[in-house]
Structures are given as structure tokens and as C-alpha cells.
Amino acid sequence: MAEGAKVPSEKTAINKSYTDINQTTTGDIHPPDISTMPTVKGGRRNSVRIDIRNSRFPYSIVWTPIPCLTWFFPIIGHMGIATSSGIIRDFAGPYFVSEDEMAFGNPTKYWTLDPSKVSKDTWDWAVAEASEEYKKRMHNLFCDNCHSHVAMALNLMKYDGSSCWNMVKLCFLMMIHSRYVSFCGFLKTWLPFLIVFSSGFFAIKFEFFAIKFYGKEFKFEFFAIKFYGKESELDRKHL
């Protein structure tokens, strides 16, 4: 290489390759589609593409509200984990793990993990093994639930070098790292809770006002009785 020659960067090389591929016979140049370009994480080139319309969330943990329960406790919901191709597996009930049909509806939030921390085959194997195991288990809302199913998959693949994943850890990390699929997903998650909270707040406030109002009315009646009592004594003295 000649002295002083400039070495092209990786970004320049990628852009040049896409330019060469998209060049037509007429000489027109089409810019590369950034959404379909591979992403680089940890030195490995990956192509994780989220398809919200078709509910495809590769290498992701997904979450959706549970009717009634999430209305009162918005951090509690139903969780699942997707394969490398984006197909969702979730522990939907006793001895049943659904595939590509999440219980309680499509996800409203998702957390895409880093595929560079585990191989594709290991990820899919861990999701499949956890799903087969939970097909043999009774669903328990407090001890062994959908969060536990996801935690087992992550422990089997030793994601991020850890085998200490559990339902509590996933619950809080999902709150921190997740993204809503859309504004409608945000409303589906929080609007019922806000309605329930607001209704309860105004009901308590109205009840307090009613008690306070009737208390004043009672005091007024007591004052009137006492006043009339004194008036009666005064009349007896004049007689």
C-alpha cells in the first residue's frame, strides 16, 4: 500500500457495497434502505427486525395486559418469549404453552435482547426446552407462571452469562427496558388503570364530602334543639 493512502472505514465499505448492488442499468443510484441494513452489536453483524403488524419479535420478551388484574396493578401482566424468527411462545395456562397466539391478545410492550450474547441455535433450543417443560406444569399465578417460563428459557441459554433469571427480576427489567408497540399499546396498558384509579379517588372524595356535609347538618339540628330548649325555659319563667 502506498504511503499516505487512506484506509476506508467499515461504514464506507458497507455503503459502497449497497450502492454497487442498487445501481441499475440506466446508471441511476438508489440509496440503501437503512431499516433492512444489518446492525452491528458486539462485533457481530445481526439483522433483528421487529414486525409489529404481524406480531414478530425476534430475540424479544413480550408483554400484554391481563384484564382486571392489570387494571388494578399495571406492572403485572402476561409475558412471553419469542424465537429467533419472532414466533411468540407463552405459558398461557395449566399444561399449555401457546405458539404464535399470545394469551390475552397481541403484545403492547416488548424488550429486544442482544442476539450477540447467545447463538441462534442455543436461543431457539432454550425457548423450545422451556416450553416443553412448562407443558407438564400447573399454572400458579404467584409461584410458577408465564414469567417463570421466560426465566427458565433465559437460564437454559445462560443469556448474558447468567443463570439467575427469575420472575421478579424480569418484572422490573421489563418496566425499565421495554418499548411500547404504539400509542394504542400504551393506552391499552394504562388507560383502564387510570379510569379505575380516578373513579376510586372521586368516589372516596364524594363520600368524605357527604359525611362532612351531614355532620354539619347534624350540628345545625343540635343547635336548633338547644336553642328551642332555652326558649322553652324562658317561657316558663315568664309564667
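I sorted the lining of the largest pocket by class and got 14 nonpolar residues, 5 polar ones and no charged ones. A reminder to myself before going on: this is a predicted model.

Next I looked up the size. The volume of the largest pocket comes out at about 350 Å³. I then asked which of its 19 lining residues are closest to the centre. Those are I76, L141, N145, H147 and M167.

Which elements each supply at least two residues of that lining? I found two strands, β4 (77–82) and β5 (88–93), and two helices, α4 (146–157) and α5 (167–177). Helix α5 gives the largest share, with 4 residues.

**Salt bridges**

I ran the search over the whole structure and it turned up 6 salt bridges. I took notes on some of them.

*K120 and D124.* The side chains of these two pair up in a salt bridge, with N to O at 3.7 Å. That counts because the cut-off is 4 Å. Where do the two partners sit? Both are in helix α3 (residues 120–134), 4 residues apart, which is about one turn of the helix. I checked accessibility too: K120 is partly exposed at 47%, and D124 is also partly exposed, at 22%.

For E133 I noted a relative accessibility of 27%, which makes it partly exposed. R137 has 25% and is partly exposed as well.

*R137 and D144.* R137 turned up again, this time in a salt bridge with D144, where the closest N and O atoms are 3.3 Å apart. Is D144 buried or exposed? I have it as buried, with a relative accessible area of 17%, because the buried label covers anything under 20%.

**What I am keeping**

For the pocket, I am keeping the lining with no charged residues and the share from α5.

Definitions and conventions: Residues numbered from 1 in each chain as written. Predicted model: local features only at pLDDT ≥ 70, side-chain atom pairs only at ≥ 80, totals over all residues. Heavy atoms only, no water. Buried < 20%, exposed > 50% of the residue type's maximum accessible area, 1.4 Å probe, protein only. 1 Å grid on protein atoms, 1.4 Å probe; cavity = no way out; pocket = protein on both sides within 12 Å on 5 of 7 lines; lining within 4 Å. Points joined across faces, edges and corners; volume = space filled by probe spheres on them. Nonpolar A, V, L, I, M, F, W, Y, C, P; charged D, E, K, R; others polar.
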